[in-house]
Structures are given as structure tokens and as C-alpha cells.
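Subject: The structure, and what turned up in it

Hi there,

Here is the structure I promised to pass on. Have a look at it first, and then read on for my notes.

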Amino acid sequence: MATTPDARPERGKARENQVQTIFSEIAPRYDLLNHVLSLNIDRRWRRKAVSRLDLPTDRPARVLDACAGTYDLSLELARRKGFQGEIIASDFARPMLVEGKGKLDQAPVRPICADTLRLPFPDASFDAAMVAFGVRNLSDVDAGFREFARVLRPGAKLVVLEFTTPPNAFMRWGYHVYFHRVLPVVGRIISGHPWAYTYLPESVKEFPGPEALADKFRSAGFQAADWRYFTGGIAALHVGTR
Ligand SMILES: C[S@@+](CC[C@H](N)C(=O)[O-])C[C@H]1O[C@@H](n2cnc3c(N)ncnc32)[C@H](O)[C@@H]1O
């Protein structure tokens, strides 16, 4: 499928506007599309991501879910047996936060409309941070990691779940067919948005690979950053220690 001009990931401020516009416009259909298009595999990935947070056990934890969208990652943690504390779910597309609110019920999740590159929180104020499918959309990924490093206390974990391009040629072929042929068409039909689901594979294509992303953790001040592929390399989970 040819890339429409609007679907190409922009740079700088134009990228911020592009991303904010996309997610504000697709918010009402985001959850439906997420689960249809991911065939629910994302649930398992989220479970594994939350397991790596390494939260304090002697006191309630304060956890940041950045680029939280409609709260699926926040809720994965909030519903976990034994979780005690508060999850601050931040996103700059207000319609996403509003759309997901019905799912929150009594969960200890506090939504905040904020830009991940300018988080309105003091230094060292979180016990852990997590981001699912958000980092790829940042106009400046390095600045995002510096901001996570700033708000995390020493020793805290940053867990990042993101799509990647599979290393294996056969998987890459299947992934290419699905992401570049099937997903834009199904996404367009269900969301009614002409190019949001063409932007998605385009943004994955230009995003750094897992090794380069691990380097970004280290450059931002994380002591250690390990990573692993999920589902043949469609996605990767990175864990950094502040
Ligand atoms: C693909 S969605 C992921 C939502 C959710 N984390 C999930 O797993 O379903 C990406 C989200 O990142 C948000 N986002 C992207 N750039 C952002 C930024 N600079 N500041 C805050 N939110 C941002 C978008 O508004 C969108 O809701």
C-alpha cells in the first residue's frame, strides 16, 4: 500500500501534533481495534511487562504509566493480586483518557493529561515507570528517556514495551504482510480514520532496533538495560534500572 503523505511520521513539533491528532481522533475505536488487530496477544505482553516492575513490598508504590492511552497497562498492574499503591496514568491525548475512564471503576489509577517530554512531577518521585507502545511516538525519544530518568528514584525500574521488526526473515515477511497490508485496511474500516493505521507500521519501520533502544536507556542515565523479544520479534520488552 502506498504511504499517504500524512501517514509518514513527522519530526519535532509537527510529530507531536500529528500523534496527538491521531490518538484524539481514533480514541473511540482504539480499544476495539487494539484487541482485534493484536488478536489479544498484547494482553500476555502486558502481563509480562508488569511482572518486571520490581515494586517495593514494605510500602505502597507510586508508579507512572506514561503514554497510558485507555489504561490497559495501568489496569494490568492495578488488578494484580497484592498491588498496593497508586498508578499515575499520563497521556497528552485527552480523548484517550476520557474514553478509557469507564474501565477504571475503583482501580487506584489517577489520569493526568500531560506531555511525556515535560512531565509535571518532581525529581525521583516514582518507584517505577512503564510505557506500552508509547515511546515510538515521541518526537524526541532521548528526551523522553531523560525525563523518565529524572522522575524515577535511584534503583527504580523503567519497563518499555514496543513493536519491533522481527529478526527472522520468515517472521519479517509475515509481519510485513500483516502490518503493511492487512492492518491499514482493517484499521481504516473500523476506525474511519484514513491513515492512522498506516502511520503505525511506518513509525515502527523508522524506530531504533532493540540494541539501539537499550543504548538510549544507558545514555539517559539508566545503570542497566536488558531486553527480550516477544512473539518472534514482533515486540520487545526493555527493562532499565535507574
Ligand atoms: C499506541 S497508544 C498506547 C496506549 C497504551 N499505552 C496502550 O498500551 O494501549 C500511544 C499513546 O501515547 C500517547 N502519546 C504519544 N506521545 C505522547 C507524549 N509526548 N506525551 C503524552 N502522551 C503521548 C498517545 O496520545 C497515545 O495515547
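A word on burial before anything else: a residue is called buried under 20% relative accessible area, exposed over 50%, and partly exposed in between, using a 1.4 Å probe and protein chains only. Please keep in mind that this is a predicted model, in which local features need pLDDT of at least 70 and side-chain atom pairs count only at pLDDT 80 or more, while totals for chains, interfaces and linings use all residues. Residues are numbered from 1 along each chain as its sequence is written, and side-chain values use heavy atoms, with hydrogens and water left out. Helices (H or I, at least four residues) and strands (E, at least two) are DSSP runs, numbered from the N terminus.

**Salt bridges**

I counted a salt bridge wherever a side-chain nitrogen of Lys or Arg is within 4 Å of a carboxyl oxygen of Asp or Glu. The count by this rule is 20.

Arg11 pairs with Glu206 in a salt bridge, with 3.3 Å between the closest N and O atoms. This joins distant parts of the chain, as Arg11 is in the segment before α1 (12-37) and Glu206 is in the loop between α7 (196-205) and α8, 195 residues apart. Arg11 counts as exposed because its relative accessibility is 58%, whereas Glu206, at 36%, counts as partly exposed.

Glu206 also meets the side chain of Arg15 in a salt bridge (3.4 Å, N to O). Arg15 lies in helix α1 and Glu206 in the loop between α7 and α8, so this pair ties together parts 191 residues apart in sequence. With a relative accessible area of 3%, Arg15 is buried.

Another salt bridge connects Arg136 and Glu162, whose closest N and O atoms are 2.7 Å apart. Arg136 is in the loop between β4 (126-132) and α5, and Glu162 is in strand β5 (residues 152-163), so parts 26 residues apart in sequence are tied together. Arg136 is buried, at 5% relative accessible area, and Glu162 counts as buried at 2% relative accessibility.

There is a network too: salt bridges link Lys13, Glu16, Asp115 and Arg118.

**Aromatic rings**

For rings of Phe, Tyr and Trp (its six-membered ring), a pair means centres within 6.5 Å; planes under 30 degrees apart are stacked, over 60 edge-to-face, and the rest tilted. The structure has 14 such pairs. In one of them, Phe145 and Phe148 have ring centres 6.2 Å apart and planes at 75°, so the pair is edge-to-face. Both sit in helix α5 (residues 141-151), and because they are three residues apart, about one helical turn separates Phe145 from Phe148. Phe145 is buried, with a relative accessible area of 1%, and Phe148 is buried with a relative accessible area of 1%.

The rings of Phe145 and Phe217 have centres 4.6 Å apart and planes at 45°, so that pair is tilted. Phe145 belongs to helix α5 and Phe217 to helix α8 (residues 210-219), so the pair ties together parts that are 72 residues apart in sequence. Phe217 is buried, at 0% relative accessible area.

One aromatic cluster is made up of Trp45, Phe133, Phe163, Tyr175, Tyr178, Phe179 and Phe230.

**Surface patches**

Patch residues have over 30% relative accessible area and no salt bridge; like charges are joined within 9 Å, and nonpolar side chains (Val, Leu, Ile, Met, Phe, Trp, Tyr) within 5 Å. Areas come from the Shrake-Rupley method with a 1.4 Å probe, and for residues only the protein chains shown count as cover. Lys and Arg count as positive and Asp and Glu as negative, leaving out His and the chain ends. A charge is placed at NZ of Lys, CZ of Arg, CG of Asp or CD of Glu.

Which residues gather in the patch of positive charge? They are Arg44, Arg47, Lys48 and Arg228. Helix α2 (residues 41-51) gives the most to this patch, with three residues. Arg47 is placed in helix α2 and counts as partly exposed, at 40% relative accessibility.

Phe170, Trp173, Val177 and Val182 make a nonpolar surface patch of about 420 Å². Trp173 is in helix α6 (residues 169-191) and is exposed, with a relative accessible area of 56%.
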